[in-house]
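Please find below a colleague's note on the model under review.

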Amino acid sequence: MYKAASRSCPPPVSEIGSPSPVKNQVRKGSNRRTATRAKPARLNGRIRVRRADFWAWTANRLTRGHGLVVVEGLKVGDMTAGAKGTIDGPGENVRRKAGLNRVILAEGWGGLLPALEHKARCNGCGIVRVPPAYASQRCWACGVVDAESRESQAVFACTFCGHTGNADVNAAKNILAAGLAVTGRGDLAAGRSVKRQPPVTVAA
Ligand SMILES: [Zn+2]
């Protein structure tokens, strides 16, 4: 619907030459403004749906195929810190890489955990949360903790034994080992546990 601009008379001579404040201004309530406002809302809705879908699929895949899932236990404060919270611990920047999955994981960690716990109940899988302290600085091979070993964001190179590998994989192995120690399976993840129980399948 067309609405007349609030200013009906021409601008005074002193303003001629400078851009009119009414020109290029989007009028509230205009059809075009309503349509423009709806665009990001629709886009955010799609992001939300895809994120929820990713949580559900990931949680289902993990809990269906494994008897135990060990996750890095995050403090609530870190999770509510939003973009400033990080999987590695407080006070560090979130790793914002181009990969879509990484973005979803980094921003959707708070939603993946509930999804994991829900699917774990459905699939008969255990969930163990372990504190993330030093998981990214500890060498999985020799156990030495050294901040220097974290060569870069992606590369872990132990300053003590020389073990090198992907930093995320190294941290994940530490977390898994801690989780297995918690459950008393006892082998600290040095291969597949002989004590490992098959997942209990609940008949639907
Ligand atoms: Zn080492």
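The points below go from the whole chain to single residues.

1. The model is predicted, and the comments should be read accordingly. The protein chain contains four helices and four strands. Taken in sequence order, these elements give the pattern α-β-α-α-β-β-β-α.

2. Helix 1 covers residues 31-65, a run of 35 residues. From first C-alpha to last, helix 1 reaches 51 Å, which is close to the 51 Å expected at 1.5 Å a residue.

3. Is helix 1 largely in the open or largely buried? Of its 35 residues, three are buried, so helix 1 lies largely in the open. The buried residues are Trp 55, Ala 59 and Thr 63. As a general point, an α-helix has 3.6 residues a turn, so residues three or four places apart point the same way.

4. Val 169 belongs to helix 4, which spans residues 167-183. Is Val 169 buried or exposed? The count for Val 169 is 11 other C-beta atoms within 10 Å; a residue is exposed at 12 or fewer, and Val 169 is therefore exposed.

5. A further point concerns the pair Val 169 and Val 155, which are 14 residues apart along the chain. The C-alpha atoms of Val 169 and Val 155 are separated by 9.6 Å.

Terms used. Residues are numbered from 1 along each chain as its sequence is written. This is a predicted model: local features need pLDDT of at least 70, side-chain atom pairs count only at pLDDT 80 or more; totals for chains, interfaces and linings use all residues. Helices (H or I, at least four residues) and strands (E, at least two) are DSSP runs, numbered from the N terminus. The expected span of a helix is 1.5 Å times one less than its number of residues. A residue is buried if 20 or more other C-beta atoms lie within 10 Å of its own, exposed if 12 or fewer, and partly exposed in between; C-beta atoms are placed from the backbone.
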